Amino acid sequence: MHAEQHNLGRVGVEIRHQMPGDRHNVLLPDISFYTDMTAPVVERGAVPYMPDLAVEIKSPDDSCKAMNGEAAYYLANGARLGWLICPEKRLIEVLSPDDRQLLTDGDTLEGGAVLPGFALAVGDVFNV
């Protein structure tokens with residue numbers, strides 16, 4: 001909603017991403033955000049680049065190690081920001097190519113340069 005209201009980019013849910021030439025890694029972030037409004041919309045197959053922001057929400061079958069591995073792949077291949085959301089622990093890990101932060105209930109999740117002006121209390125993420 002924030003991205004649309006401020007014309008910051010496009011949001012997608014469970015969109016497949018696969019880097020050209022990589023036959024082994026096809027990733028499906030729970031939420032993807034793209035700042036490039038001019039990029040073509042892929043109607044068939046996987047998007048051949050990573051989103052600017054990749055969001056993963058831990059389900060009971062996910063391991064933290066696997067989620068961190070996916071986030072590392074996103075960042076190594078062009079994503080600028082990753083949010084790993086762990087509902088059962090009420091934690092959000094924010095990752096960028098040069099930083100890693102762990103946010104708890106008293107903190108605020110911000111979009112930084114990728115999603116300017118976005119701010120949401122971490123507690124509100126889990127009180128929906």
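The dialogue below takes up pockets, nonpolar cores and cysteines in turn.

Tutor: This is a predicted model, in which local features need pLDDT of at least 70, side-chain atom pairs count only at pLDDT 80 or more, and totals for chains, interfaces and linings use all residues. Residues are numbered from 1 along each chain as its sequence is written, and side-chain values use heavy atoms, with hydrogens and water left out.

Student: What volume does the largest pocket have?

Tutor: Rolling a probe the size of a water molecule over the atoms shows where empty space is left. On a 1 Å grid over the protein atoms alone, a pocket is an open set of points where a 1.4 Å probe fits, with protein on both sides within 12 Å along at least five of seven lines; lining residues have an atom within 4 Å of a point. Points are joined across faces, edges and corners, and a volume is the space filled by probe spheres set on them. Here the largest pocket has a volume of about 410 Å³. Of its 17 lining residues, Ile31, Trp83, Leu115, Phe118 and Leu120 are the closest to its centre.

Student: How does the lining of the largest pocket divide by class?

Tutor: Ala, Val, Leu, Ile, Met, Phe, Trp, Tyr, Cys and Pro count as nonpolar, Asp, Glu, Lys and Arg as charged, and the others, Gly among them, as polar. This lining has 15 nonpolar, one polar and one charged residues. The second largest pocket, of about 250 Å³, has a lining of eight nonpolar, five polar and three charged residues.

Student: Which residues have the most contacts inside the largest nonpolar core?

Tutor: In soluble globular proteins, nonpolar side chains tend to be buried together. A nonpolar core is a set of buried Ala, Val, Leu, Ile, Met, Phe, Trp, Tyr and Cys residues joined through side-chain atoms within 4.5 Å, where buried means under 20% relative accessible area, exposed over 50%, and partly exposed in between (1.4 Å probe, protein chains only). The largest core here has 16 residues, and Leu53, Trp83, Ile92, Val94, Leu109 and Leu115 have the most contacts inside it. Another core, of twelve residues, lies apart from it and includes Leu27 and Leu75.

Student: How many disulfides are found?

Tutor: A disulfide is a pair of cysteine sulfur atoms within 2.5 Å. The whole structure has zero disulfides. The cysteine sulfur nearest to that of cysteine 64 belongs to cysteine 86, 4.6 Å away.

Student: Is cysteine 86 buried or exposed?

Tutor: Cysteine 86 counts as buried, at 11% relative accessibility, whereas cysteine 64 is partly exposed, at 36%.
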